[in-house]
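Work through the exercises below with the sequence and the 3D view side by side. Try each task before you read its solution.

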Amino acid sequence: MNLLICKEEWRIGNSNRFRIVDPIKVKHISEILHKRVGDRLKAGIINESLGQLLIEESNSKEILGTYKTILKPKPRFPEVQILLAVNRPPTVRKILELAGTWGIDGIRFFLSKNSRKEYLTSPVWKPEEIEKELIEGMEQGKNIFLPKVELDFKNSLETILSEMETKQNVHFRFLLDRKGKSISRIIEEYHSKNTEYSHIRMFVAIGPESGFVKKEVDFWKGNHFESVSVSDKILRTETAVAFLLSRLEEESLFKK
């Protein structure tokens, strides 16, 4: 844990004091980080700020401390929205953690033709499980921005995409495909047509383990999604997501 995310339910009244009673957090802070009364922890408040928590009381069951804001960071650039077909639950957990680590804007899960519906019985889809994976990633990556996660297992791709498009303007639409173009090439082409931009938002469509069927690929391409490749190797879904996000971290990619 590189950052302690202070949850609102830990807050004492309207103060900047927090009571941590999560046994895993208490044990980690005390036994792994070896923090004692008077010590400070790197901490953050979701979607608000980064700062420090001064430990004022500590025992085997709870830790009390006062939070002090140090800075208010900006959300990630570019803003990334992932449209992800249902995958194996362990894969979903890894992607949720990656999403929290990197600080993407959101993920929308949906059923594709090759998604296995029996995966929907997994506890990974419970709100508390989703939050747990996201926050673990956020604490690893020192990120305070909580990705928005939506589960849409009933609507068609047309309805899902239409609903998302009505809420926001999108600059890039990517479809992960080993045979697609490189991200840098697509962005260079965009630069050649656009002289100014202050914000970049992108949608990224990612299929299940066995990929999208032809009809689905045609749907994405018919809605201006460009095939992009992050490797010429066949990657696991979570590895492809990691490769994609690492490429988007390159500052030079968005500088002209």
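Buried means under 20% relative accessible area, exposed means over 50%, and partly exposed lies in between (1.4 Å probe, protein chains only). This is a predicted model: local features need pLDDT of at least 70, side-chain atom pairs count only at pLDDT 80 or more, and totals for chains, interfaces and linings use all residues. Residues are numbered from 1 along each chain as its sequence is written, and side-chain values use heavy atoms, with hydrogens and water left out.

**Exercise 1. Find the buried and the exposed residues of helix α5.**

Step 1. Locate the helix. Helices (H or I, at least four residues) and strands (E, at least two) are DSSP runs, numbered from the N terminus. Helix α5 spans residues 183-193.

Step 2. List the buried residues. They are I183, I186, I187, Y190 and H191. These residues lie on the same side of α5, because they cover an arc of only 145° around the axis. The arc is that of the directions from the helix axis to the C-beta atoms.

Step 3. Recall the general rule. An α-helix has 3.6 residues a turn, so residues three or four places apart point the same way.

Step 4. Turn to the other side of α5. There, E188, S192 and K193 are exposed.

Step 5. Find the packing partners. Contact means heavy atoms within 4.5 Å. The buried residues of α5 pack against β9 (172-182), β11 (226-229) and α7 (237-248).

**Exercise 2. Describe the salt bridge between R108 and E163.**

Step 1. Start with the idea. Side chains of opposite charge can pair when their charged atoms come close. A salt bridge is a side-chain nitrogen of Lys or Arg within 4 Å of a carboxyl oxygen of Asp or Glu.

Step 2. Read the distance. From N to O, R108 and E163 are 3.2 Å apart.

Step 3. R108 lies in strand β7 (residues 106-110) and E163 in helix α4 (residues 157-167), so the pair ties together parts 55 residues apart in sequence.

Step 4. Check accessibility. R108 is buried at 4%. E163 is partly exposed at 29%.

**Exercise 3. How many salt bridges does the structure hold?**

The count is 23. A network of salt bridges links R93, E129, K132, E133 and E136.
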